[in-house]
Amino acid sequence: QTTLIVTIDGPAGAGKSTAARQLASRLGFDHLDTGAMYRAVTLACLRRGIDARDETALDGVLTEMDLVLESPHVLLNGEDVSLAIREPAITSRVKEFADSAKVRQFMVEAQRRFAVGRRLVTEGRDQGTVVFPEAPCKFFLTADEAVRAERRQVELGESGHVVSLTALRDQQRTRDQEDRERSLAPLRPAEDAEIVDSSDLTLDEVLDHLEQRVREQM
Ligand code: C5P
């Protein structure tokens, strides 16, 4: 079996995680949630009171960090942090750490190592542009702002958080703008990515389309 990398990038709330996980399961591929990696390092640093600009401290955390990604579980030094990393208190701080060149370099290397010898669906912001520019199958999954806010509201509701649609829309707008405008690995579609707008599609319709596209490459 040959290696095959499928990248799914896109803004917050576009349905990347669900689509990536289920696409991987349909294809029998592994799944990598790179947002979870940035979230986990954020959690590790916040717990220790480490500032994202303190490179020496960051080095320490990154070297000692044992991060295991076994979708859908994320283990940080043996502890299952899958739920803790989705808390709004983490979401609002990830940016600080995702902007750090040191953190990004570490993550990019870890992601490439993870992919060796695998058939993989990997999702994030920079998978098709920076981490796997040679991937044969690239998607940029997006949806209208209002649709994305509604989807996030449902998702958060499932974990017991009640947040208004306006607040969510504003938060997402800020986060996407920051992701798009940062100098390192900004959020944008790779030139050879197919842009999939899921605003008017059901999850199954999105999956059918992605699956068909990947199968054409197999
Ligand atoms: O996808 P998720 O919402 O879990 O990502 C959390 C944050 O991590 C994003 O807003 C982005 O700032 C950062 N991220 C990133 N590069 C990736 C994945 C996520 O910078 N490949």
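Reader: Which residues are closest to the ligand, and how many surround it?
Author: The ligand is surrounded by 16 residues. Closest are Arg39, Arg104, Asp126, Arg175 and Asp179.

Reader: What should I know about the model itself?
Author: This is a predicted model, in which local features need pLDDT of at least 70, side-chain atom pairs count only at pLDDT 80 or more, and totals for chains, interfaces and linings use all residues. Residues are numbered from 1 along each chain as its sequence is written, and side-chain values use heavy atoms, with hydrogens and water left out.

Reader: Which atom of the ligand does Thr34 lie 2.9 Å from?
Author: A nitrogen atom of the ligand, reached from a polar side-chain atom of Thr34.

Reader: And what lies 2.8 Å from an oxygen atom of the ligand?
Author: An N or O atom in the side chain of Arg104. The side chain of Arg125 also has an N or O atom 3.0 Å from a ligand oxygen. A polar contact here is a pair of N or O atoms within 3.5 Å; within protein, one must be able to donate a hydrogen and the other to accept it, and residues adjacent in sequence count only if both atoms are side-chain atoms.

Reader: How much of the ligand's accessible area does the protein cover?
Author: 96% of the 460 Å² that the ligand has on its own. Accessible areas come from the Shrake-Rupley method with a 1.4 Å probe; for residues, only the protein chains shown count as cover.

Reader: Which helices each supply at least two residues of the shell?
Author: H2 (34-47), H5 (94-98) and H9 (165-181). H2 gives the largest share, four residues. Helices (H or I, at least four residues) and strands (E, at least two) are DSSP runs, numbered from the N terminus.

Reader: Tell me about H2. How far does it reach?
Author: Its 14 residues reach 20 Å from first C-alpha to last, close to the 20 Å expected at 1.5 Å a residue. The expected span is 1.5 Å times one less than the number of residues.

Reader: Why is H2 largely enclosed?
Author: Eleven of its 14 residues are buried, so the rest of the structure largely encloses H2. Buried means under 20% relative accessible area, exposed over 50%, partly exposed in between (1.4 Å probe, protein chains only). Thr34 and Arg39 are among the buried residues of H2. Tyr38, also in H2, has a relative accessible area of 6%.

Reader: What caps the N-terminal end of H2?
Author: Asp33. One of its side-chain oxygens lies 3.1 Å from the backbone nitrogen of Gly35. A polar side-chain atom of Asp33 is also 3.1 Å from the backbone nitrogen of Ala36.

Reader: Is Asp33 buried or exposed?
Author: Buried, at 13% relative accessible area. Asp33 lies in strand S2 (residues 30-33). Its side chain makes a 3.0 Å polar contact with the side chain of Arg86.

Reader: And what follows H2?
Author: Gly49, with a positive phi near 70 degrees.

Reader: Where is Asn77?
Author: In the loop between S4 and S5 (79-80). Asn77 is not a glycine, yet its phi is positive, about 45 degrees. Asn77 is partly exposed, at 44%.

Reader: What is phi of Ala185?
Author: Near 45 degrees, again positive in a residue other than glycine. Ala185 lies in the loop between H9 and S8 (194-197). Ala185 counts as buried, at 12% relative accessibility.

Reader: Last one. Which residues does UniProt list for the domain?
Author: The unreviewed UniProt entry lists residues 6-215 as "domain: Cytidylate kinase". UniProt positions use the numbering here, feature names are shortened, and annotations may be inferred rather than shown by experiment. That span is 52% helix and 16% strand, with its end C-alpha atoms 11 Å apart.

Note on methods. Near = heavy atom within 4 Å.
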